[in-house]
Amino acid sequence: MIKLINLVRTLDNQRVLNGVNLEIPTGKITVIIGKSGVGKSVLLKHIAGLIRPDSGSILIDGFDLTRASVREIQEFRKRLGVLFQGGALFDSLTVFENVAFPLREKTRLPEAEIQKRVRERLAQVNLPPEVENKYPDELSGGMKKRVALARALIQEPEILLFDEPVTGLDPPMTNTIFHLITKTHLETGYTGVVVSHDIPKVFEIADFVAMLHGGRIIASGTPEEIQRCPDPVVQSFLRGEVDFLEA
Amino acid sequence: MFTVLGWLGHVVLRWVRNTGHVVLFLLQALALAFAPPFRFRRILQEVFFIGFKSSTIILLTASFTGMVLGLQGYYTLRKFGSESALGSAVALSLIRELGPVLAALMVSGRAGSAITAEVGIMRITEQLDALDTMAVNPLQFVVMPKLLAGLISMPLLTAIFDVVGILGGYLVGVVLLGVSSGAYFSGMVQSVENVDIHGGLVKSVVFGLLIIWVACYKGYYTERGAEGVSKATTEAVVTSAVLVLAFDYLITSFFM
């Protein structure tokens, strides 16, 4: 279980997180929704240990990430995979080298075993073997996301974080990525945290949904509970209404 | 009065904080050179990029610098009937000052700017964050090999600059203008001392460190997309050029 307790974080003199409290259940997919710029990605980076909060705690199975040493955070990250918004593939490495990178850096597996695992992961995300020798700039947006997913899965993480996994993709590719998230989750059973504002599609993959607004979680529950939530801010967001004040 | 003092205190504190941040960045990266995994392959790749790939521009600038020194030196020394001192003048100018400084400015423009852009793009496309989340320290993987490569490459490039510059001076002074070849080299041997070579070597090592340090730091803390990378790259080249000239004065005054 991942527990976020009263997280506060100010960036550029703006209070982005203002007391976030959330419990993320183990082995489930939790989706964090909210408008663009509300701090969803910042929240995800806190869970990845990339940003430290000004105050509050992040407990991961009882281990307090916010008070951990650099070495402890490095140990925690061996259990973690992250799919970044743009994929964050290393542009000087081929697809194969990108996916193999965590294994080459963090294990002493023989090259034959690395090859076998990389090809398994690429097949798992429906990528043909021909892409192995391509560079990231030769791939489409959807392919980049699938390579990044394969890389995130290569070390069989217990926790997998997805930062806007379908942003910029066309509807068929959006469906493909959501299908792959569900499929890989069923196959490996990781705890997934997905940040997205792709409503209502994202409800199809969610076991649990939380909405971030004004620096706080204003609603959380199953997808059905969120859709029935009486909060006008939640309902306005779900209906995609224009925020005239902001517009 | 108190407002002015308060403002001054704020400025000084901010300067101290920023300087500490920059120095800690360097010390952390250098300390990681002694922690496993040792990244020899990455260091060699960076030596190839910073050192070998800068050699063409170093050869070009060195030969023209030496030729200009030969030409200017010849006509100046001729007024005093001392053309035979041309070799000494060219060699001392290159070894003490022009070799280290011009080689550093060339490396700053070619490799320093490329490093800032590369690291900056890695920052804005979250590649550095990706390394972090894979439990790979980006300072050790990206920055440390570049710093060590700068320390290794810069003295070698400076030595190449000095030798090629001296040959450029020879071409103009001896081949074109008729100074005696023996006088050109014997004057050089008599006037160039170990302290000149040591001074040039120290300068090249310091400049190599400064250029790559500034380039990596500016790239590592790039913000706000493509415009941020452009700004960081400009700042890196300008800052390292100014630092090279300032440290050139400091090191020269130390060796004098």
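The model is predicted: local features need pLDDT of at least 70, side-chain atom pairs count only at pLDDT 80 or more, and totals for chains, interfaces and linings use all residues. Residues are numbered from 1 along each chain as its sequence is written, chains are lettered from A and ligands numbered from 1 in the order in which they are written, and side-chain values use heavy atoms, with hydrogens and water left out. Helices (H or I, at least four residues) and strands (E, at least two) are DSSP runs, numbered from the N terminus.

**The six-stranded sheet of chain A**

- Six strands of chain A form an open sheet in the order β6-β7-β8-β3-β9-β10, with mixed pairing.
- β6 and β10 (216-221) of chain A are the edge strands; each has a single partner strand, so one side of each is left without a neighbour in the sheet.
- From one strand to the next, the twist averages 15°. Angles run from 0 to 180 degrees between N-to-C directions, and axes are lines fitted to C-alpha atoms, for helices over the stretch in contact.
- β6(A) (residues 80-83) runs parallel to β7(A) (residues 159-163), and four bridges join them. Two strands pair if DSSP finds at least two bridges between them.
- L80(A) has I159(A) as its bridge partner in β7(A).
- In β6(A), L80(A) and V82(A) point one way, G81(A) and L83(A) the other, and all are buried. Buried means under 20% relative accessible area, exposed over 50%, partly exposed in between (1.4 Å probe, protein chains only).
- β3(A) (residues 29-33) and β8(A) (residues 191-195) also run parallel, joined by four bridges. Here T30(A) stands opposite V193(A).

**Helices across the sheet**

- Helix α5 (residues 141-153) of chain A lies across β6 and β7, running at about 175° to β6(A).
- Helix α8 (residues 232-239) of chain A lies across β3, β9 (208-213) and β10, running at about 105° to β9(A).

**Antiparallel pairs in chain A**

- β1(A) (residues 2-11) pairs with β4(A) (residues 55-60) in the antiparallel sense over five bridges. V8(A) stands opposite S55(A).
- β4(A) also pairs with β5(A) (residues 63-64), antiparallel, over two bridges. L59(A) faces D64(A) across this pair.
- β4(A) and β5(A) make a hairpin with two residues between them, and D61(A) in the turn has a positive phi of about 50°.

**Chain B**

- Chain B has nine helices and zero strands.
- The C-alpha atoms of chain B fill a box of roughly 65 × 55 × 35 Å along the principal axes.
- Of its 256 residues, 46% count as buried.
- Helices α4 (residues 86-124) and α6 (residues 138-176) of chain B pack at an angle of about 145°, with axes 7 Å apart.
- By class, this contact of α4(B) with α6(B) has 19 nonpolar, five polar and three charged residues. Ala, Val, Leu, Ile, Met, Phe, Trp, Tyr, Cys and Pro count as nonpolar, Asp, Glu, Lys and Arg as charged, and the others, Gly among them, as polar.

**Where the chains meet**

- Chain A gives 21 residues to the contact and chain B gives 17 residues. Contact means heavy atoms within 4.5 Å.
- About 1,500 Å² is buried between the chains, and carbon and sulfur atoms give 57% of that area. Buried area is the accessible area (1.4 Å probe) that two parts lose on being put together, summed over both.
- R77(A), F90(A) and E105(A) supply 27% of the area that chain A buries against chain B, more than any other three residues.
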